[in-house]
Amino acid sequence: KTDIWVTVNLPSPSIELHDVVRRRMPFPSFQSLAEMLCIDEELLGKHMGISSELLLNATTVFFFFGESQRLYGLIVALQASCELFEGDVQAARAFLLSPLRCFNSKAPLEMLITDEGASAVIDLIGQLEHGVLT
């Protein structure tokens, strides 16, 4: 079983993780996500609403609260996708990066920029896990 939380060096969903998000997520977790998704950090930043200036700033160690929340949503979606595809990270990656009709031809990754979009992605994964076609 793939544990995305371990891969990005964050605690599993818990009070401790809540505190990490509140205090601001560390930049290396973002880098690990980009590596796992096999996409450029600037492109991932664009999808997550993180400015390229912030990513290029050599002193960046932590993200701001809003950015940390969006990255948390991405990690939750990636973990759920990995579970949907029985630990196959490449299948989870393909799912998150593929445009879907139910999202008006947007990829699930593009939906994660808002709380509502993140909820829609998680709901879709739950429906697929339970065999509910949308």
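Predicted model: local features only at pLDDT ≥ 70, side-chain atom pairs only at ≥ 80, totals over all residues.
## Overall architecture

The protein chain contains nine helices and zero strands. Its order along the sequence is accordingly written α-α-α-α-α-α-α-α-α.

The chain has 134 residues, of which 41% count as buried. Its exposed surface comes to about 7,400 Å², with carbon and sulfur atoms supplying 53% of that area. Among contacts with a separation of 6 or more, 56% involve residues 24 or more positions apart.

In soluble globular proteins, nonpolar side chains tend to be buried together. The largest nonpolar core in this model has 38 residues, and Leu44 and Leu78 have the most contacts inside it. Two or more residues are given to this core by each of helices H1 (4-7), H3 (27-37), H5 (52-56), H6 (65-84), H7 (89-97), H8 (108-111) and H9 (115-129). The greatest contribution is that of H6, with eight residues.

Which residues does leucine 44 contact, leaving aside its neighbours within four places in sequence? The partners are Phe30, Leu33, Ala34, Leu37, Ile39, Leu74 and Leu109.

## Helix H6

Helix H6 has 20 residues, and its end C-alpha atoms are 28 Å apart. This separation agrees with expectation, because at 1.5 Å a residue a helix of 20 residues should span 28 Å; the expected span is 1.5 Å times one less than the number of residues.

After H6 comes glutamate 86, which has a positive phi, near 50 degrees.

How values were computed
Residues numbered from 1 in each chain as written. Heavy atoms only, no water. Helix = DSSP H or I, 4+ residues; strand = E, 2+ residues; numbered from the N terminus. Buried < 20%, exposed > 50% of the residue type's maximum accessible area, 1.4 Å probe, protein only. Contact = heavy atoms within 4.5 Å. Areas by Shrake-Rupley, 256 points an atom, 1.4 Å probe, with all protein chains shown as cover. Core = buried A, V, L, I, M, F, W, Y, C linked by side-chain atoms within 4.5 Å.
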